[in-house]
Structures are given as C-alpha cells and as structure tokens.
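Please open the model in your viewer and keep the sequence panel beside it.

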Amino acid sequence: MPKRIALTDKIQLDSTDLSDFARQVQFTSDDAQVDVSGFNTLGTNEYLPGPRTQSVTVDFYGSYGTGEVHQTLYTIYKNRTTTALKWRPDGVAVVGVSNPELRGNAKVYSYGPGAQRGSEDTFQVTFMPADAAGFDYFTT
Amino acid sequence: MTKYTVTGPVAFMEYEPGEEFDEDLDPELEARALERGSISKGSHPRKKKEDGNAEADSAN
C-alpha cells in the first residue's frame with residue numbers, strides 16, 4: 001500500500017459505523033520493559049518485554065442524534081458494556097493484507113464530552129481491551 | 001435468523017441505512033441497537049424525508 005492521506009478510514013463500534021463522526025484514531029500497544037540485568041563486565045542493562053498495555057483513542061464529533069455518537073457510546077460507558085471495536089484504513093475496500101483491520105473487544109472507562117462556544121464539538125474516547133485477546137490486526 | 005432494518009442514519013454492521021438484513025445478533029447487541037434506534041425488527045420500507053420531519057414534529 002502506498003503512502004496515504006487518512007480520509008476513508010472506517011471506525012465501527014458496537015456494530016455501528018461511526019466513521020463520519022470520527023476525525024482521528026490512535027492505536028497504541030506498549031510492552032513494559034522489565035529490567036533483568038545481572039552483573040556483567042560492561043555494565044549494560046538487559047531487558048525483557050513484560051505486560052502489554054493497549055488502547056485505541058478516537059476523536060469523535062459530539063452528535064446526539066439517533067444511533068449517533070452519544071447514544072452509542074454513553075450506553076456502553078454507563079452500563080460498563082463490552083463491545084466490539086473495529087478500525088481499518090480503507091472503509092470501502094475489503095479487509096486484506098494491504099487493508100488490515102484492527103479488532104478487539106473493548107470497554108470505555110471514561111466519558112467526557114464538552115463544548116466551547118464557536119468551536120466544533122469534539123471529545124476523545126479511549127477504548128481499553130476487555131479480554132486477554134486484546135486488540136489485534138486481521139487480514140481476513 | 002431474524003429480519004432487521006437499519007433505521008439509524010449510519011450503517012449497522014455492513015448494512016446501509018434503510019437496508020434490510022437477516023442476522024443472528026447477540027441478544028445484548030440487539031437490545032442496544034434497538035434501544036438507540038440503529039435498527040428495528042422486521043421489514044420497514046425506508047421513510048421519505050417528509051415522514052422524517054413529521055416524526056420529528058410529532059416528537060415535539
């Protein structure tokens with residue numbers, strides 16, 4: 001896949017396509033760096049990967065219509081629901097090696113929309129994995 | 001399999017607004033989607049814009 005301008009990404013939450021209400025998505029997956037250094041002549045440190053922390057943060061436009069952002073997200077947050085999250089670069093093209101889809105079961109631990117006079121209504125929501133499978137990329 | 005119609009303004013699964021589909025949805029997912037109006041059970045012809053306004057008026 002060549003370089004791209006992010007325009008056609010697809011973000012699906014709770015089976016609802018919220019792509020048009022999202023303007024940014026950020027997936028992070030970080031492994032703790034555990035120091036397992038022993039005494040050695042060079043004095044260098046040695047590490048092993050520890051627990052993995054993942055999250056997906058999405059910038060949503062605040063929207064309060066039927067089946068839109070608030071109705072979808074607030075219910076999930078309020079009821080502490082586990083729901084499916086999907087994101088792929090090209091929402092039109094099928095999932096494949098050059099269009100991998102990030103998937104996972106997620107929970108929302110914080111919900112905080114707001115508003116500023118004269119500005120677009122946006123807020124961030126961070127999704128955390130709800131099971132040991134975490135978030136992973138799929139090509140089929 | 002249950003027949004549903006996408007009644008919300010955005011796609012549900014891979015189905016576009018107004019589209020009918022048959023799926024075995026997870027009961028909890030179904031309940032949430034029905035509650036927020038993303039889908040409805042059964043076959044419902046897509047409403048015209050005038051109907052949408054009438055619906056909004058009646059809600060007020």
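Select Gly8(B) and display its surroundings: leaving aside residues up to four places away in sequence, Gly8(B) touches Thr66(A) and Gly67(A) in one chain, and Pro17(B), Gly37(B) and Ser38(B) in the other, where two residues are in contact if their C-beta atoms, placed from the backbone, lie within 7 Å. This is a predicted model, in which local features need pLDDT of at least 70 and side-chain atom pairs count only at pLDDT 80 or more, whereas totals for chains, interfaces and linings use all residues. Residues are numbered from 1 along each chain as its sequence is written, and chains are lettered from A and ligands numbered from 1 in the order in which they are written.

Is Gly8(B) buried or exposed? Gly8(B) counts as buried because it has 22 C-beta neighbours inside 10 Å; the class requires 20 or more other C-beta atoms within 10 Å of the residue's own, with 12 or fewer making a residue exposed and the values in between partly exposed, all C-beta atoms being placed from the backbone. Gly8(B) belongs to the loop between β1 (2-6) and β2 (20-23) of chain B, strands being DSSP runs of E of at least two residues and helices runs of H or I of at least four, numbered from the N terminus.

Next, colour chain B by secondary structure, which comes to two helices and three strands, arranged along the sequence as β-β-α-β-α. Of its 60 residues, 22% count as buried.

Now select the three strands of chain B, which form an open antiparallel sheet in the order β2-β1-β3, two strands being paired if DSSP finds at least two bridges between them. β2 and β3 (39-41) of chain B stand at the edges with a single partner strand each, so one side of each is left without a neighbour in the sheet. Zoom in on β1(B) and β2(B), whose antiparallel pairing runs over four bridges; pick Thr5(B), and its bridge partner in β2(B) is Glu20(B).

Finally, show both chains and select the interface, where 13 residues of chain A are in contact with 12 residues of chain B. On the chain A side, β2 (16-17) and α1 (69-78) are the elements that give two or more residues, and α1(A) gives the most, with three.
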